[in-house]
Amino acid sequence: MLLNSKGKHRRPSKTIRFATLAGITGAAVAVPLMGATNASAASVSTWDAVAQCESGGNWSINTGNGYYGGLQFSQ
């Protein structure tokens, strides 16, 4: 704790409070990610199933609504 000349506690500066809050927030975000495993890609059959729902399975479709391909991405 910080003391002033009269022996009473004084409030930490805004910079110290901000740095403390930033450190706590960073730790709260980082801790769950530390246990994450490696990412893995979906299988071809999974993407085919998505394309079946989105475009009837036609990977080269242009429906004219601004979305293209089997997964119906926009340009």
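Accessible areas come from the Shrake-Rupley method with a 1.4 Å probe.

**Figure 1. Overview of the predicted chain.** The model is predicted. The accessible surface of the chain comes to about 6,500 Å², and 61% of that surface belongs to carbon and sulfur atoms. Two helices and two strands make up the elements of the chain, and their order from the N terminus is α-α-β-β. The chain has 75 residues, of which 8% count as buried. Among contacts between residues at least 6 apart in sequence, 2% join residues at least 24 apart.

**Figure 2. Gln 72 in the loop between β1 and β2.** The loop that holds Gln 72 runs between β1 (67-68) and β2 (73-74). Gln 72 counts as buried because its relative accessibility, 13%, is under 20%. A polar atom of the Gln 72 side chain lies 2.7 Å from the backbone oxygen of Gly 69.

**Figure 3. Surroundings of Gln 72.** With residues up to four places away in sequence left out, Gln 72 touches Glu 54, Ser 55, Ile 61, Thr 63, Asn 65 and Tyr 67. One of these residues, Glu 54, is 18 residues from Gln 72 in sequence. The C-alpha atoms of Gln 72 and Glu 54 are 6.5 Å apart in space.

**Figure 4. Ser 55 in helix α2.** Helix α2 covers residues 44-55 and includes Ser 55. The relative accessibility of Ser 55 is 10%, under the 20% limit, so Ser 55 counts as buried. The side chain of Ser 55 has a polar atom 3.2 Å from the backbone oxygen of Asn 58.

**Figure 5. Contacts of Ser 55.** Neighbours within four places in sequence are set aside in this view. Ser 55 is then in contact with Ile 61, Gly 69, Gly 70 and Gln 72. Ile 61 is also among the residues that Gln 72 touches. Gly 69, listed here as a contact of Ser 55, has the backbone oxygen that lies 2.7 Å from a polar atom of the Gln 72 side chain.

Definitions and conventions: Residues are numbered from 1 along each chain as its sequence is written. This is a predicted model: local features need pLDDT of at least 70, side-chain atom pairs count only at pLDDT 80 or more; totals for chains, interfaces and linings use all residues. Side-chain values use heavy atoms; hydrogens and water are left out. Helices (H or I, at least four residues) and strands (E, at least two) are DSSP runs, numbered from the N terminus. Buried means under 20% relative accessible area, exposed over 50%, partly exposed in between (1.4 Å probe, protein chains only). Contact means heavy atoms within 4.5 Å. A polar contact is a pair of N or O atoms within 3.5 Å; within protein, one must be able to donate a hydrogen and the other to accept it, and residues adjacent in sequence count only if both atoms are side-chain atoms.
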